[in-house]
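Please look through the structure shown here before reading on.

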Amino acid sequence: MPLPYLALAAAAAAQAAAPQPIVQPTLAPASVAPAPVQAMIVAAPTQSVLRAGTEVPLRMEQGLDSNDKGLREGQQIRMSVASDVRVGNLVVIPAGSPATGEITDLRRKGMWGKSGRINARALNVRVGDRLIRLTGTFDDKGVTGTAGVVAAIAFVPIAGFFMTGTSAKIPSGGGVKAFLDEDLTIAVPQPAPAVAVAPVVQAAAPVLAPVATTSAAPNGGQQH
């Protein structure tokens, strides 16, 4: 066999005897399905009722004096709520809410020991744009001069005419008891539901194929 053919045959045999490189396939990144959105279960709104007859403490925002010539029957009176009216921990009628009353009867002091008198009633209280009806009466009577009149008549009959009683007075800042005149249905707000946050799933890192290496030919694989 000619020498060139022997050399080619030897080279082919040496290449066949050498170990072949191992090439691993490249893996595609793992496919991560999106986490489902969790539905929140929210309780239905509840209702409560503030019953008619519930006390509403009021405070006078102006003073009244039966001897004041400016007062008259039917005149409205400025008042305010003295302290919060609540259902549980929920404030229904806040302190400071404006309230209104009305003078129903007025008598000034006069001769013969006649004392003054003021009768009034609570009308309503305003909360936001709602006017809530109230009920309840309050009054004040002056001190009568009857004892002085009797003594004056016993000695000098005409003197009793000039004896007068005192005026009725309701001072500014004085307390007044009023009561709800209607039931109030209160919607109790529910706490805001917590936001469900889907867990963050980190995508798997791609697997990189190792670099193929070729092992050195054995000593016996030298070409001639």
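What follows describes the fold, the strand pairing, the nonpolar core and the salt bridges of this structure.

The model is a predicted one. Its protein chain comes to two helices and 13 strands, and buried residues make up 25% of the chain's 224 residues.

**The chain as a whole**

- Among the contacts between residues at least 6 apart in sequence, 68% join residues that are at least 24 apart.
- The protein chain exposes about 15200 Å², and carbon and sulfur atoms supply 59% of that area.

**Strand pairing around β12**

- Strand β2, which covers residues 55-60, runs antiparallel to β12 and is joined to β12 by five bridges; within this pairing, Arg59 has Gly175 in β12 as its bridge partner.
- Strand β9 also pairs with β12 in the antiparallel sense, over two bridges, and Leu134 stands opposite Leu180 in β12.

**The largest nonpolar core**

- The largest nonpolar core holds 30 residues, of which Leu58 and Ile93 touch the most other members, while β8 gives the most to this core, with four residues.
- When its neighbours within four places in sequence are left aside, Ile93 is in contact with Val56, Val81, Ser83, Asp84, Val85, Val125, Val127, Ile132 and Leu180.

- Side chains of opposite charge can pair when their charged atoms come close, and the structure holds nine salt bridges.
- One of them is formed by the side chains of Glu102 and Arg121, with a distance of 2.8 Å from N to O. Because Glu102 lies in strand β7 (residues 98-107) and Arg121 in strand β8 (residues 117-127), this pair ties together parts that are 19 residues apart in sequence.
- At 23% relative accessibility, Arg117 counts as partly exposed.

- The side chains of Asp181 and Arg133 meet in a salt bridge, with 3.6 Å from N to O. Asp181 lies in the loop between β12 (175-180) and β13 (184-188), and Arg133 lies in strand β9 (residues 130-135), so this pair ties together parts that are 48 residues apart in sequence.
- Salt bridges that share partners join Arg130, Arg133, Asp181 and Glu182 into one network.

**A buried loop residue**

- Gln75 lies in the loop between β3 (64-65) and β4 (76-81), and with a relative accessible area of 16% Gln75 is buried, because the limit for buried residues is under 20%.
- Leaving aside its neighbours within four places in sequence, Gln75 is in contact with Gly70, Gly101, Glu102 and Ile103; among these, Glu102 is the residue that meets Arg121 in a salt bridge.

Technical notes
Residues are numbered from 1 along each chain as its sequence is written. This is a predicted model: local features need pLDDT of at least 70, side-chain atom pairs count only at pLDDT 80 or more; totals for chains, interfaces and linings use all residues. Side-chain values use heavy atoms; hydrogens and water are left out. A salt bridge is a side-chain nitrogen of Lys or Arg within 4 Å of a carboxyl oxygen of Asp or Glu. Buried means under 20% relative accessible area, exposed over 50%, partly exposed in between (1.4 Å probe, protein chains only). A nonpolar core is a set of buried Ala, Val, Leu, Ile, Met, Phe, Trp, Tyr and Cys residues joined through side-chain atoms within 4.5 Å. Contact means heavy atoms within 4.5 Å. Accessible areas come from the Shrake-Rupley method with a 1.4 Å probe; for residues, only the protein chains shown count as cover. Two strands pair if DSSP finds at least two bridges between them.
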